[in-house]
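This briefing is for a reader new to the structure shown below.

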Amino acid sequence: MCGIVGYVGPKNALDVIIGGLERLEYRGYDSAGVAVIADGQIRVTRAVGKLENLKKSLEDAAVPAVPHLGIGHTRWATHGKPSETNAHPHSAGKVSLIHNGIIENYMTLRADLEREGCIFRSDTDTEIAAHLCNRYISKGLDLFNAMKAMCAEIKGSYAFLVIDERYPDRIVAAKNSSPIVLGIGAGEMWVASDIPAILGSTRQVVILEDGDITEVRANTFRIEHDGKEVERTPMTITWDPVTAQKGGFKHFMLKEIHDQPQVVTDCVRGRLRQDVGSVELPELPPTLLKEVQRVLFLGCGTAWHAALLGKFYLESLARIPCEVDYASEFRYREPVLDARTLVVAISQSGETADTLGAVDVAVKHARTLAICNVLGSSLSRKVESTVFTHAGPEISVASTKAFTTQVLASYLLALVSAEQRSMINKAKLAEHTHAIALLPMAMQAAVATESSVREVARRFQTARDFLFLGRGLCYPVALEGALKLKEISYIHAEGYPAGEMKHGPIALIDDKMPVVMVVQRSPHLRDKAMSNLREVHSRDAQVIAVTDTEGDKELRRYAAEVIEVPFVSDLLSPLILTVPLQLLAYYVAVLNGTDVDLPRNLAKSVTVE
Ligand code: M6R
């Protein structure tokens, strides 16, 4: 998500920090800022937009002496819109601090601090951390112990870097769920969120672990974990700078597939109350989901596939009638809308012209909601409220982690609706929250099918047509699998509801047509899918089965290849079953030598009609 760079040493800290942030630009950001100590004082400079704007502000601000210590940040907004006041660093007293992650209990902490007299200048969760640090230093703790005391109060994910005028020789950092690496040089040290930021300067790094707090000076560093000093062995990084940007993966798409266990965690963070077995979406107007009588989902491409699953969830859990429309078709159809209709627009970027155009029509007549990844996007500004997916920047044109988080956000929406409309009891709701809590591990196991999927890709890489089939919840999964394959490998692929095959596409099937069959364990649907599979098999097609059932012998009898993923629950299976299909598309494309991250004719955000 956000990028972090800190430096202490003989060089000009501003040059080093800006250089490091530039190497993290590929990740996407909406604002940036630096804090350096020069002439014994902290100087903070921040700007909205690109680093060029920050550089310009730095020229205007003219720091009076060469700084040798500082911290810098590129922000991807999560709390508070992209603006100069919300950009990091945030300051309180003589403290300046930057942060990656999400502070879950920030509302309570902010209320406490306001009662103590703290004045807040931003809408961010991060600013409370600056105030907390300052509070502990005012009470007599040094910077390191103030960070420790602050982390003990905070719930959520974080990578914090903090500096203080009273300690002009050190940066203190803490990590929980968000990455921090220390770069070790001769008489100089770097602290960063990612290896690419420092790779041009040093190859010796220490990767911090969750719970580590570190104090970094030009010649030394120390790390504490659970109150005890610990040793972390430095490692030598051999990556070239381009590979490093992708976290060591060959393509952004593969990195983003691997991000999924983490982003499903980020998507539900602060929304899942496992202790009481409930789901909360505080961003929604309190009575919205009670008042509406009909939901209309809109989206394009992958977002439209997520919408199909959203319909399924809302209908089955909350019993609200739902429809799904292509955003590009909706606006030219004289749609029937009223104040009891909720239009839910799904979009990763929040900038897709078709979706924005459709929402322009919807806002005139209906209630509106977005499921979106980009804070401050045009879409989120048009609708009444937005459920953000927190998937982090998605760089690859082929959408992967955005899809899984869109589906998960729709599921959360359906659970909240079901609860508000008294369609679900406490025990059932607790079962759902329990299943969600198991999702990251299941996603991890799905990602671990990578080597077997690569072998399947090798076997079928020369096929010119693929058919993807699924029933029920597996139908949108089949559509998404087919879209991924055609987008990046340029191989014709069609997604179809398995039960519809006999009404036409069965004519296409022969021994040259691989059929990817998505089979869910739910007894009724599994048996139906099996009979479709037998029909396909008896026409000589090579079947690649993707299933959430372990050791299904009958499936193995008919399928040439079987890829198994773990089962978590019927409703969450589509997320897990999608992962091997993303990997299949990825490896077929790699083996065919296409440009995976930038496929021909496609743009990441389609901002024209
Ligand atoms: O940013 P959006 O979610 O609104 O984008 C919608 C589609 O353009 C997008 O999902 C497209 O289909 C992707 N390339 C799919 O991988």
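Val515 counts as buried, at 0% relative accessibility. The model shown is predicted. Val515 belongs to strand E25, which covers residues 514–519.

**Other buried residues**

- His73 is buried, because its relative accessible area is 0% and buried means under 20%.
- The strand that holds His73 is E4, residues 69–75.
- A polar atom of the His73 side chain lies 2.9 Å from the backbone oxygen of His99.
- Gln406 is buried too, with a relative accessible area of 3%, and has its place in helix H14, residues 401–420.
- Gln406 and Val95 are 311 residues apart along the chain, and their C-alpha atoms are separated by 38 Å.

**Cavities**

- The structure has two cavities of 30 Å³ or more, and the largest cavity holds about 70 Å³ of space.
- The residues that line the largest cavity include Cys2, Arg75, Trp76, His79, His88, His99 and Asp125.
- Strand E6, residues 95–103, gives three residues to this lining, which is the largest share.
- Sorted by class, the lining of the largest cavity consists of two nonpolar, eight polar and two charged residues.

**Largest pocket**

- The volume of the largest pocket is about 1,200 Å³.
- Its lining is made up of 38 residues, and those nearest the centre of the pocket are His79, Arg269, Gly270, Arg271 and Pro282.
- Among the elements that give two or more residues to the lining of the largest pocket are E6, helix H3 (106–115), helix H8 (260–268) and H15.
- The lining of the largest pocket has 14 nonpolar, 13 polar and eleven charged residues.
- His79 is also one of the residues that line the largest cavity.

**Helix H15**

- Helix H15 runs over residues 426–447, which is 22 residues.
- From the first C-alpha of H15 to the last, the reach is 32 Å, close to the 32 Å expected at 1.5 Å a residue.
- H15 has a kink of about 40° at Leu439, shortly before the proline Pro440.
- Leu439 is one of the buried residues of H15, and others include Leu429, His432, Ile436, Met443 and Val447.
- At the start of H15, the backbone nitrogen of Ala427 has a side-chain oxygen of Asn425 within 3.2 Å.

**Backbone exceptions**

- As a rule, most residues other than glycine have a negative phi, and most peptide bonds are trans.
- The peptide bond from His88 to Pro89 is cis, with omega near 0°.
- Pro89 sits in the loop between E4 and strand E5 (90–92), and His88 is among the residues lining the largest cavity.
- Asp39 has a positive phi, near 55°, and lies in the loop between strand E2 (31–38) and strand E3 (41–48).
- Because exposed means over 50%, Asp39 counts as exposed at 59% relative accessibility.
- Asp226 has a positive phi as well, near 50°.
- The place of Asp226 is the loop between strand E13 (221–225) and strand E14 (228–230), and at 68% relative accessibility Asp226 counts as exposed.

Definitions and conventions: Residues are numbered from 1 along each chain as its sequence is written. This is a predicted model: local features need pLDDT of at least 70, side-chain atom pairs count only at pLDDT 80 or more; totals for chains, interfaces and linings use all residues. Side-chain values use heavy atoms; hydrogens and water are left out. Helices (H or I, at least four residues) and strands (E, at least two) are DSSP runs, numbered from the N terminus. The expected span of a helix is 1.5 Å times one less than its number of residues. The bend at a residue is the angle between axes fitted to the seven residues ending there and the seven starting there. Buried means under 20% relative accessible area, exposed over 50%, partly exposed in between (1.4 Å probe, protein chains only). A polar contact is a pair of N or O atoms within 3.5 Å; within protein, one must be able to donate a hydrogen and the other to accept it, and residues adjacent in sequence count only if both atoms are side-chain atoms. On a 1 Å grid over the protein atoms alone, a cavity is a set of points where a 1.4 Å probe fits but cannot get out, and a pocket is an open set with protein on both sides within 12 Å along at least five of seven lines; lining residues have an atom within 4 Å of a point. Grid points are joined across faces, edges and corners, and a volume is the space filled by probe spheres set on the points. Ala, Val, Leu, Ile, Met, Phe, Trp, Tyr, Cys and Pro count as nonpolar, Asp, Glu, Lys and Arg as charged, and the others, Gly among them, as polar.
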